[in-house]
Amino acid sequence: MDDLNFTPDIYQACSGVLLGKRIAVGAFREVYVCALDEMFVVKIERYTGEFHNIREWEVWQQVEHWSIMAKWFAPCKFISPCGKVLIQYRTMPLKQVPRMLPIFFTDLKKENFGKIGKQTVCHDYSLHLFVSNVTGRKVKMRKVRKDFQEDCNYTL
Ligand SMILES: Nc1ncnc2c1ncn2[C@@H]1O[C@H](COP(=O)(O)OP(=O)(O)O)[C@@H](O)[C@H]1O
Ligand SMILES: [Mg+2]
């Protein structure tokens, strides 16, 4: 069977099937309601080489089966192989600023959080503790235990 000739009008039709109303343009992603199911949003990476979608996806892979952690994150559902397109559960805007948030969130802006049901969740978690610590002005250091050579798998 011959390959389809994917002309620009076909690409446009496909994106029309997937992309509903545009919710926001963030610093790194454009975010649309998913036209196929309004429970989801489609996050399109705006620039090449930034990888916010990919980092978010990887964080979600780490926490999704860890219930005390997972409940704080808007779950990711799908990522395109190139990372340009991420599908994530849709959150609703916060009415109030939360009083407490887990310590591992670092990009603390109201617009990075929302609600899924009654639960406050973060929907922009590409800048998490590791990235922020590395990119901060100071690298935080920790003491290395004496048995470092024999057992590298300890936690503090
Ligand atoms: N899962 C989501 N559900 C609803 N709105 C979202 C979701 N993710 C992002 N948004 C909206 O899109 C904006 C930009 O998305 P964000 O993930 O913060 O991208 P950026 O990395 O560009 O800051 C957010 O401030 C929020 O208004
Ligand atoms: Mg953001």
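How do the residues of the shell around ligand 1 divide into nonpolar, polar and charged? Keep that question for the ligand stop below.

**Before you start**

This is a predicted model, in which local features need pLDDT of at least 70, side-chain atom pairs count only at pLDDT 80 or more, and totals for chains, interfaces and linings use all residues. Residues are numbered from 1 along each chain as its sequence is written, while chains are lettered from A and ligands numbered from 1 in the order in which they are written.

**The whole chain**

Show the chain as a cartoon. It has four helices and eight strands. Helices (H or I, at least four residues) and strands (E, at least two) are DSSP runs, numbered from the N terminus. Follow the chain along the sequence and the pattern reads α-β-β-β-α-α-β-β-β-β-β-α. Of its 156 residues, 18% count as buried. Buried here means that 20 or more other C-beta atoms lie within 10 Å of the residue's own; exposed means 12 or fewer, and partly exposed is in between, with C-beta atoms placed from the backbone.

**The five-stranded sheet**

Select β1 to β5. These five strands form an open sheet in the order β1-β2-β3-β5-β4, with antiparallel pairing. Two strands pair if DSSP finds at least two bridges between them. Color β1 (19-25) and β4 (76-79): they are the edge strands, and each pairs on one side only. From one strand to the next, the twist averages 25 degrees.

Now zoom in on β3 (residues 40-45) and β5 (residues 85-89). Five bridges join this antiparallel pair. Then label valine 42; its bridge partner in β5 is isoleucine 87.

Next, move to β4 and β5. Three bridges join these antiparallel strands. Cysteine 76 has glutamine 88 as its bridge partner in β5. Isoleucine 79 stands opposite leucine 86 in β5. Five residues lie between the strands of this hairpin, where glycine 83 takes a positive phi near 85 degrees.

**The helix across the sheet**

Axes are lines fitted to C-alpha atoms, for helices over the stretch in contact, and angles run from 0 to 180 degrees between N-to-C directions.

**The nonpolar cores**

Which residues make up the largest nonpolar core? Select Cys34, Phe40, Val41, Val42, Trp57, Cys76, Ile79, Leu86 and Ile87, nine residues in total. Such a core is a set of buried Ala, Val, Leu, Ile, Met, Phe, Trp, Tyr and Cys residues joined through C-beta atoms within 7 Å. At least two residues of this core come from each of β3, β4 and β5. β3 gives the most, with three residues.

Center on isoleucine 79. Leaving aside neighbours within four places in sequence, isoleucine 79 is in contact with Asn53, Trp57 and Leu86. Contact means that the C-beta atoms, placed from the backbone, lie within 7 Å. A second, separate core has seven residues, among them Val59, Ala74, Cys122 and Tyr125.

**The three-stranded sheet**

Select β6, β7 and β8. This open sheet has the order β6-β7-β8, with antiparallel pairing. β6 (92-93) and β8 (119-122) stand at the edges with a single partner strand each, so one side of each has no neighbour in the sheet.

Four bridges join β7 (residues 113-116) to β8, and the two run antiparallel. Phenylalanine 113 has cysteine 122 as its bridge partner in β8. Lysine 115 has threonine 120. At the hairpin of β7 and β8, two residues lie between the strands, and glycine 117 takes a positive phi near 60 degrees.

**Ligand 1**

Show ligand 1 and its surroundings. 20 residues surround it, and the closest are Ala24, Gly26, Val31, Glu111 and Asp124. A residue is counted as near if its C-beta atom, placed from the backbone, lies within 6 Å. β1, β2 and β5 each supply at least two residues of the shell.

Back to the opening question: the shell divides into eight nonpolar, eight polar and four charged residues. Ala, Val, Leu, Ile, Met, Phe, Trp, Tyr, Cys and Pro count as nonpolar, Asp, Glu, Lys and Arg as charged, and the others, Gly among them, as polar.

**Last stop: glutamate 111**

Select glutamate 111, in the loop between β6 and β7. Is glutamate 111 buried or exposed? Glutamate 111 counts as exposed, because it has 12 C-beta neighbours inside 10 Å. Finally, draw a distance to glycine 26: the two C-alpha atoms are separated by 9.4 Å, though the residues are 85 apart along the chain.

Notes:
Two residues are in contact if their C-beta atoms, placed from the backbone, lie within 7 Å.
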